[in-house]
Amino acid sequence: MTAETITSGAPGPAGQDGATGDVLLRLDDVHTYYGQIHALKGVTIEVNRGEVVTLIGANGAGKTTTLKTVCGLLHPRQGTVTFDGQDVSKTAAHNLVKAGIGHAPEGRRIFSRLTVLENLQMGGFTRPPEEIDEDVERIMTLFPRLKERTYQQGGTLSGGEQQMLAIGRAMMSRPRLLLLDEPSLGLAPILIQVVFETIKEINAAGTTILLVEQNALQALNIAHRGYVLQTGNVVLTGDAAELREDETVRKAYLGEI
Amino acid sequence: MTGRVKGRTSLSRATLREFVDVHRSTSILLGMALVGVLLPLIALVPPFNIFQNQSVWVSGFSNAGVFVLLALGLNIVVGLAGLLDLGYAAFFAIGAYAYAYGASPFSGQHFPFIVLLVVGALVAATFGVLLGAPTLRLRGDYLAIVTLGFGEIVPIVFLNADKYTNGTNGIGGVYKPDIPFVEFTLLNPWPFYVLMLVLVTIVMILIYRLTESRIGRAWMAIREDELAAASNGLNTVTTKLMAFALGASTAGFAGAFNASSLTSVDPGQFLSTVSFTILAMVVLGGMGNIWGVALGAFVIYTVQIVFLKQLNTFFEGLPFHVPVLSDVNFVQYQFLLYGLALVLMMLFRPEGLFPSQRRKQELHAADAADTESSAKATMEEAL
């Protein structure tokens, strides 16, 4: 199935602010399986340096699977994942962190029995030890709430704080590409705003972001471009602004009738 | 008056805690020296001197030290990395047989003691890696089953490989430790006792430094959430393998010492009951905390060897017959007692007798989090 492109002419974010146009991540006809289950059926996605790209779609569309395939927790059975010009389809997750892909997994998955500080230090596991303190400081400036909770155990934080910690932890590896999986999941509306504002800040500071969201409207508000996934296929792609206006998207994902 | 005393003790406590925090290795050293001096003295004090004389106690202490080493090693695997190993005695056996091959008339070799301690540890670590490499990809329960199997297989191999291991009889006449200027004889327990103290202290300091390092935190991260650990750039397979190998090497180390102090090895010393005993020691002592685990091992071993035996003698020595109690061999019921102790422990004190600060928090954090969130909910409702 080929994806429909809304923009007339070439796909891609030409003219989008923040995007420079050279490809950082490319998935080319990626097929991923869970055992016998064919989860991704030929997904082709491009993320350019400096962009925020969002994957939206219903439950089971393959959004999380796509992220897991990118960060090496799953490997494609067919097709290639190219990061910064290198084929990383078969590269193990821990090596991809070193290569520059940070991942804040779905459901936050912070180390609940370690303190906030220790969680962040774990995030910097691949970094030289002498630079970790400095990076912790940087993350705590980004999320002042975490600073107040430095020595508190991760599991005792509220949902929003845990999400901040998950993003902060992923940022500790100084990724060039940050993968965010459902950062708004289970958060109060006001916290969702805070989290999305921070995502924008992180992007403005130079990190490319691939964002998976069910909260499609929020995601499209901060993204440059988006892909709509349905049952393992990309069915629609285009600039965020255009996707926001697209009738199918509005009906299916933005809750309009 | 009481307030002043209280204030003083809490102050000295704070100073002590500060000292322990700053000079961690030194405080282990001092702590062990203190323990080393006190234990033989306690054996002279009633009621302990009634049970058995001092040299029997001291000899028992150095045997207890073997289990302290084993519990410290298993604590790395189970307590820190969260990998359930039910066949830990296999590595103990491998270390012991490695020593017996290196220093006995059976093999005709006699390498120095210190060398063989290291060799025992290395051989056990090698088997740890060989077992771990294919199996550490398995999740919790499956790993437990595989290690359980390994723990059964190893003594059976030693039992049946007659030609190489002397089968049921095992290898006798294993040479005692040879350290310059110290004479090790079976009648004098003191050199073994001091040697054991030194070995336990060294292992405790090494393990302590490891747990406080990057790798120690990596183990805890894996215990917490393997997927999250992997997405933080941690190679989960090699990290787990390292925990497994280090745990195994500690057991091998203990095995080598044990062979030299008992002067014989046979497959019967390494049955699965040994694995379960060590696991019970780790759980009862308090997973994750090295002092707790060491103390747990020491107490359980002493209760098992001294106290249960004394109960028998006590009831036999009574001039009248107590129904049931006089007819029971308490030593035979030790596993029933472990079982009871474990069940009671899980019900009333799941963090163990001497928990690490962290585990205590984590087991009671759930209650705290509940109260916190309910408080928040009430606040939100009020608004």
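**Briefing: a predicted model of chains A and B**

Val299(B) is found in helix 14 of chain B, which spans residues 290–317. The model is predicted. It scores ipTM 0.83 and pTM 0.83.

**Confidence in chain B**

- The mean pLDDT of chain B is 84. In this chain, 90% of the residues reach 70 or more.
- Helix 5 of chain B, residues 89–102, has the highest mean pLDDT among the elements of that chain, at 95.
- Helix 16 of chain B, residues 357–382, has the lowest, at 51.
- Residues 1–6 of chain B stay under 50 in pLDDT. The model gives this stretch 0 contacts beyond four places in sequence.
- Residues 377–383 of chain B also stay under 50. They too have 0 contacts beyond four places in sequence.
- Where pLDDT is low, the predicted coordinates should not be read in detail.

**Where chain A meets chain B**

- On chain A, 25 residues are in contact with 21 residues of chain B.
- Two helices of chain A each supply at least two residues of the side that touches chain B: helix 2 (93–99) and helix 3 (116–123).
- That side of chain A divides into 10 nonpolar, 10 polar and 5 charged residues.

**The largest nonpolar core**

- The largest nonpolar core holds 167 residues. Ala71(B) and Phe92(B) touch the most other members.
- Helix 4 of chain B, residues 54–80, gives the largest share of this core, with 15 residues.
- Which residues does Phe92(B) touch, not counting those up to four places away in sequence? They are Leu70(B), Ala251(B), Ala254(B), Gly255(B), Phe270(B) and Val274(B).
- In soluble globular proteins, nonpolar side chains tend to be buried together.

**Two partly exposed residues of chain B**

- Leu84(B) lies in the loop between helix 4 and helix 5 of chain B.
- Is Leu84(B) buried, exposed or partly exposed? Leu84(B) has 15 other C-beta atoms within 10 Å, so it counts as partly exposed. A buried residue would need 20 or more, and an exposed one has 12 or fewer.
- Leu84(B) touches Val78(B), Gly140(B), Leu143(B) and Ala144(B), leaving aside residues up to four places away in sequence.
- Leu84(B) and Gly172(B) are 88 residues apart along the chain. Their C-alpha atoms are separated by 33 Å.
- From Val299(B) to Trp190(B) is 109 residues in sequence. In space they are 20 Å apart, C-alpha to C-alpha.

- Strand 9 of chain A, residues 208–213, is mostly covered, with 6 of its 6 residues buried.
- Thr208(A), Leu210(A) and Val212(A) point one way from this strand. Ile209(A), Leu211(A) and Glu213(A) point the other way.
- Strand 4 of chain A, residues 52–57, pairs with strand 9 in the parallel sense over 5 bridges. Val52(A) has Ile209(A) as its bridge partner in strand 9.
- Strand 8 of chain A, residues 177–181, also runs parallel to strand 9 and is joined to it by 5 bridges. Here Leu178(A) has Ile209(A) as its bridge partner.
- Strand 8, helix 7 (residues 189–204) and strand 9 of chain A make a right-handed β-α-β unit.

**Helix 1 of chain A**

- Helix 1 of chain A, residues 63–71, is mostly covered: 9 of its 9 residues are buried.
- Among the buried residues are Lys63(A), Lys68(A), Leu67(A), Val70(A) and Cys71(A).
- Gly72(A), just after the helix, takes a positive phi of about 90°.

**The antiparallel sheet of chain A**

- An open sheet of 4 strands in chain A has the order 3-2-5-6, with antiparallel pairing.
- Strand 3 (37–48) and strand 6 (86–87) of chain A stand at the edges. Each has a single partner strand, so one side of each is left without a neighbour in the sheet.
- Strand 5 of chain A, residues 78–83, runs antiparallel to strand 6 and is joined to it by 2 bridges.
- Phe83(A) stands opposite Gln86(A) of strand 6.

Definitions and conventions: Residues numbered from 1 in each chain as written. Chains lettered and ligands numbered in written order. Predicted model: local features only at pLDDT ≥ 70, side-chain atom pairs only at ≥ 80, totals over all residues. Contact = placed C-beta atoms within 7 Å. Nonpolar A, V, L, I, M, F, W, Y, C, P; charged D, E, K, R; others polar. pLDDT = per-residue confidence, 0-100. Core = buried A, V, L, I, M, F, W, Y, C linked by C-beta atoms within 7 Å. Pairing = 2+ DSSP bridges. Right-handed = clockwise from strand over helix to strand, strands pointing away.
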